[in-house]
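I opened my notebook to record, step by step, what I looked up in this structure. I wanted to go slowly and to write down each item in whole sentences.

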Amino acid sequence: MLYRQMPKNEDELSILGFGCMRLPVKEDGTIDEERARNQVRYAIDNGVNYVDTAWPYHMSASEPFLGRALADGYREKVKLATKLPSWLLESREDMDKFLNAQLERLKTDHIDYYLVHGLAGKVWDKLEALGVTDFLDKAKADGRIVNAGFSFHGSIEDFKRIVDAYPWTFCQIQYNFMDEKHQAGTEGLEYAASKGMGVIIMEPLLGGNLASPVPAEVEDIWNEAAVKRTPAEWAFRWVWNHPEVTVVLSGMNKESQVEENLKIADEAYPNSLTEAEIQLISRVEKKYCQLMKIGCTGCEYCMPCPSGVNIPECFSIYNDLHMFGNLEGSRFTYAVSMSGVFTNTKPGGFASQCIECGQCMEKCPQGLKIPDLLKEVAEELEGPDLEQRLAMAKQLFANK
Ligand SMILES: NC(=O)c1ccc[n+]([C@@H]2O[C@H](COP(=O)([O-])OP(=O)(O)OC[C@H]3O[C@@H](n4cnc5c(N)ncnc54)[C@H](OP(=O)(O)O)[C@@H]3O)[C@@H](O)[C@H]2O)c1
Ligand code: SF4
Ligand code: SF4
């Protein structure tokens, strides 16, 4: 495991951090606690010393899980990061209430890296008015938090404004080879680093989209590389190639992913990619831009939809359709997914259920025009045969 120093303190942090937003789950959707605990502990035993969670992850079950997973001496081996749920705050008192509850959930008396979660311009303005800087100062002074930071999903202008608004130790941004000019992007990464901040990276694989499945056109480009690497490795190495990056978080949920990512983190030095490799990655980026219709990362911030639309699932199947071009296959996958056969519920989640209330758009970190995009999804993936495909899905899977 390689380590990089947090610029404003002495912490040597593992370049791979464990993100606890996509832990392995059981059939009923709850965390598969044994597997998840084993994965987290295995990663720590193999050098990971930064673990990231947040109040809402896994329907609020990630923090309590991590509190249990970090028993038996594991808490002392890591720097623990969690986040103040900015959208749930109505008063200055709420901030202490959430932090104190998080300390209890995580079974600890301090959070090493505490982030104000999911900032963008307007949220920051509201929190500043509610007294968030006073809260952070006091929580640092009384030892409940050690380092203050923020995670960000807004524009570069707002990013710089927030960086300059408080003596942050660090920030967390979405960054991967598709996001150079998106959100904080490369400009934000360099700006934060120039101010002496550590930068934690989230979504290095664009929520897994860059790892698999890989469209044939993209695979062809990867195959041209002199050194053979998996698409996940190329994406991670691209992020770690930037010396301004401190830690890259990965939402791992399979043992093989933990193994692979640990191995890459043994070797991914800054500025270690050759010019030819950087050019190759740039060609892949251009190819994806041609293929991917919707830049949805599956973060689920838009959920739940009051009308019951399964927004990320609709976009994921729609993107697959445009990457692989299998219309019948994608239509059937859509029908199976929305049929309720696996959850023993009525069919639901369809794009056509959207009533255009607009609630989801305010929450989408990618700024997607969700209702418009859902119309396209409904047009291509539903159609007159939907009922027939739903019946077929039931027939095939209902007795499973
Ligand atoms: N503060 C915020 O606003 C915010 C937002 C997003 C994320 N985060 C944090 O950042 C962490 C990282 O983000 P992320 O989970 O979106 O990261 P990511 O690396 O972009 O995506 C994670 C997904 O990538 C796939 N994956 C990981 N390693 C792989 C490998 N070696 N080979 C193939 N596929 C691999 C897995 O997909 P499959 O599940 O499909 O196998 C996994 O679920 C999160 O877990 C969370 O802690 C914070
Ligand atoms: S705009 Fe459509 S998808 Fe978005 S929350 Fe409203 S009903 Fe749901
Ligand atoms: S539509 Fe936006 S908020 Fe919803 S899952 Fe996709 S990226 Fe996340």
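My entries follow, grouped by topic.

**Entry 1: the kind of model.** I note at the outset that this is a predicted model, and I keep that in mind for every value below.

**Entry 2: Q174.** I began by looking up where Q174 sits, and I found it in strand 8, which spans residues 170–174. Is Q174 buried or exposed? Its relative accessibility is 1%, and because buried means under 20% relative accessible area, Q174 counts as buried. I then asked which side chains make polar contacts with the side chain of Q174. I found one such contact with the side chain of D179, at 2.8 Å, and another with the side chain of Q366, at 2.9 Å. Leaving aside residues up to four places away in sequence, I also listed what Q174 touches, and among them are F152, H153, H182, Q183, M202 and T297.

**Entry 3: Q183.** I found Q183 in the loop between strand 8 (170–174) and helix 8 (185–194), and Q183 is buried, with a relative accessible area of 9%. I looked up its backbone as well, and phi of Q183 is near 55 degrees, a positive value in a residue other than glycine. I wrote a reminder beside this entry that most residues other than glycine have a negative phi, and that most peptide bonds are trans.

**Entry 4: the loop between helix 12 and helix 13.** I looked for another positive phi and found E300, where phi is near 70 degrees; E300 lies in the loop between helix 12 and helix 13. P304 lies in this loop too, between helix 12 (275–291) and helix 13 (311–324). The peptide bond from M303 to P304 is cis, with omega near -5 degrees.

**Entry 5: a cis bond at P213.** Which residue is joined to P213 by a cis peptide bond? I found that it is S212, and that omega is about -5 degrees. P213 lies in the loop between strand 9 (198–202) and helix 9 (216–223).

**Entry 6: ligand 2.** Last, I looked up the residues around ligand 2, which include C305, P306, S307, C354, C357, G358 and C360. How many residues of this shell are nonpolar, polar and charged? I counted 9 nonpolar, 2 polar and 1 charged.

Conventions:
Residues are numbered from 1 along each chain as its sequence is written. Chains are lettered from A and ligands numbered from 1 in the order in which they are written. This is a predicted model: local features need pLDDT of at least 70, side-chain atom pairs count only at pLDDT 80 or more; totals for chains, interfaces and linings use all residues. Side-chain values use heavy atoms; hydrogens and water are left out. A residue is near a molecule or strand if one of its heavy atoms lies within 4 Å of it. Ala, Val, Leu, Ile, Met, Phe, Trp, Tyr, Cys and Pro count as nonpolar, Asp, Glu, Lys and Arg as charged, and the others, Gly among them, as polar. Helices (H or I, at least four residues) and strands (E, at least two) are DSSP runs, numbered from the N terminus. Buried means under 20% relative accessible area, exposed over 50%, partly exposed in between (1.4 Å probe, protein chains only). A polar contact is a pair of N or O atoms within 3.5 Å; within protein, one must be able to donate a hydrogen and the other to accept it, and residues adjacent in sequence count only if both atoms are side-chain atoms. Contact means heavy atoms within 4.5 Å.
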